[in-house]
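Biologist: I have a new structure open and would like to learn how to read it. Could you walk me through its features one at a time?

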Amino acid sequence: QLQEMSSLWPPTAPQELMKERFNNNSFLVRSAKGPYRNLIRTTVLEDLGNLRAIAIADLDADGDLDLSVSQQWGNSWIFFNEAEARGSQLTLNLLRSKSSSGEVLVFRDSQKIFGAAPEPGTQATVRDFKGTRRTKILQVGSGHGGHSSTFLHFGLGDLGVNKVLFVDLKWRDTRGAIHHKKIELEPGVYTIVLGAEQSKDT
């Protein structure tokens, strides 16, 4: 509410001075050799003012990631990824049940499962037939400073849509015990219930 009622804020430095001091936004991209480069000057983000939060998710369910940013004293912005050349991808909606079972249930597409929810710290490692390994850890937060989707998105490039992926899942049940489960999937979107009472692929 204070952001919406900026007239109630205490006096600050002149606007131009504030802009000069606080509008140092960065857009860091890892180079092929490892170090990150700041490419903010090549994007529209440079002109959006003092950005305070960023969130990434597939907002339009087309298989690629979109971007949402908010400004400290202004509007929020959503940028939809309209790239024509899209590679294959694997998206995992990992939901932990209340069971202490080490089994999983796999469903095609994104689904809501009663009694199951995202669990922070859940980990997925994906290995393709080339031997390339990709690991992501599920994070859950309030979103105050910008929080991305809880879905784990793996960009697979030109791997193809019918290739088998070897997925190693790791999670902690409600009693604190750690479970591992290895499954095979093809690129696409899946909902996986961790700690299911029975194992079944749908």
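This is a predicted model: local features need pLDDT of at least 70, side-chain atom pairs count only at pLDDT 80 or more; totals for chains, interfaces and linings use all residues.

Biologist: Let me begin with the whole chain. How many helices and strands are there in the chain?

Modeller: The chain has one helix and 14 strands. Of its 202 residues, 31% are buried. The exposed surface comes to about 13300 Å², and carbon and sulfur atoms supply 51% of that. Among contacts with a separation of 6 or more, 54% join residues 24 or more positions apart.

Biologist: Now the sheets. What holds the strands of a sheet together?

Modeller: Strands of a sheet pair through backbone hydrogen bonds, in either a parallel or an antiparallel way. For a case here, look at the open sheet of three strands, which has the order 3-4-5 and antiparallel pairing. Strand 3 (51–57) and strand 5 (76–79) are its edge strands, each pairing on one side only. From one strand to the next, the twist averages 15 degrees.

Biologist: Which residues could I click on to see the pairing of strand 4 with strand 5?

Modeller: Strand 4 covers residues 66–71, and four bridges join it to strand 5 in an antiparallel way. Then move to Ser68, which stands opposite Ile78. The chain gets from strand 4 to strand 5 by a hairpin of four residues.

Biologist: Which strands form the open sheet of four?

Modeller: Its order is 9-8-11-12, with antiparallel pairing. Here the edge strands are strand 9 and strand 12 (178–185), each with pairing on one side only. Ignoring direction, neighbouring strands of this sheet are turned by 15 degrees against each other on average. Five bridges join strand 8 (residues 123–127) to strand 9, and Ala124 stands opposite Lys136 in strand 9.

Biologist: Where can I see a parallel pair?

Modeller: Go to strand 6 (residues 88–96), which runs parallel to strand 13 and is joined to it by seven bridges. Arg96 has Leu194 as its bridge partner in strand 13. Strand 13 also has antiparallel pairing, with six bridges joining it to strand 7 (residues 103–108). There, Arg108 stands opposite Tyr190.

Biologist: Why is strand 13 described as largely enclosed by the rest of the structure?

Modeller: Strand 13 spans residues 188–196, and eight of its nine residues are buried, so the rest of the structure largely encloses it.

Biologist: How should I read a loop residue, such as Thr150?

Modeller: Start with its place in the chain, then look at its contacts. Thr150 lies in the loop between strand 9 (133–137) and strand 10 (152–157). Leaving out residues up to four places away in sequence, Thr150 touches Pro118, Leu138, Gln139 and Val140. Thr150 and Ile137 are 13 residues apart in sequence, with their C-alpha atoms 9.5 Å apart.

Biologist: Which residues make the nonpolar surface patch?

Modeller: Ile54, Ile56 and Leu65 make a patch of about 220 Å². Leu65 lies in the loop between strand 3 and strand 4, and its relative accessible area of 35% makes it partly exposed.

Biologist: Last topic: how many salt bridges are there?

Modeller: A salt bridge here means a side-chain nitrogen of Lys or Arg within 4 Å of a carboxyl oxygen of Asp or Glu. By this rule there are three salt bridges. In one, Glu119 pairs with Arg96, with the closest N and O atoms 3.5 Å apart. Glu119 is in the loop between strand 7 and strand 8 and Arg96 is in strand 6, so the pair ties together parts 23 residues apart in sequence. Glu119 is partly exposed at 22% relative accessibility, while Arg96 is buried at 17%.

Biologist: And what about Glu103 and Asp128?

Modeller: The side chain of Glu103 meets that of Lys181 in a salt bridge of 3.1 Å, N to O. Glu103 lies in strand 7 and Lys181 in strand 12, so this pair ties together parts that are 78 residues apart in sequence. Asp128 forms a salt bridge with Arg134 at 3.3 Å, N to O. Asp128 is buried, with a relative accessible area of 2%, whereas Arg134 is partly exposed at 22%.

Methods. Residues are numbered from 1 along each chain as its sequence is written. Side-chain values use heavy atoms; hydrogens and water are left out. Two strands pair if DSSP finds at least two bridges between them. Helices (H or I, at least four residues) and strands (E, at least two) are DSSP runs, numbered from the N terminus. Axes are lines fitted to C-alpha atoms, for helices over the stretch in contact, and angles run from 0 to 180 degrees between N-to-C directions. Buried means under 20% relative accessible area, exposed over 50%, partly exposed in between (1.4 Å probe, protein chains only). Contact means heavy atoms within 4.5 Å. Accessible areas come from the Shrake-Rupley method with a 1.4 Å probe; for residues, only the protein chains shown count as cover. Patches are made of residues with over 30% relative accessible area and no salt bridge: like charges are joined within 9 Å, nonpolar side chains (Val, Leu, Ile, Met, Phe, Trp, Tyr) within 5 Å.
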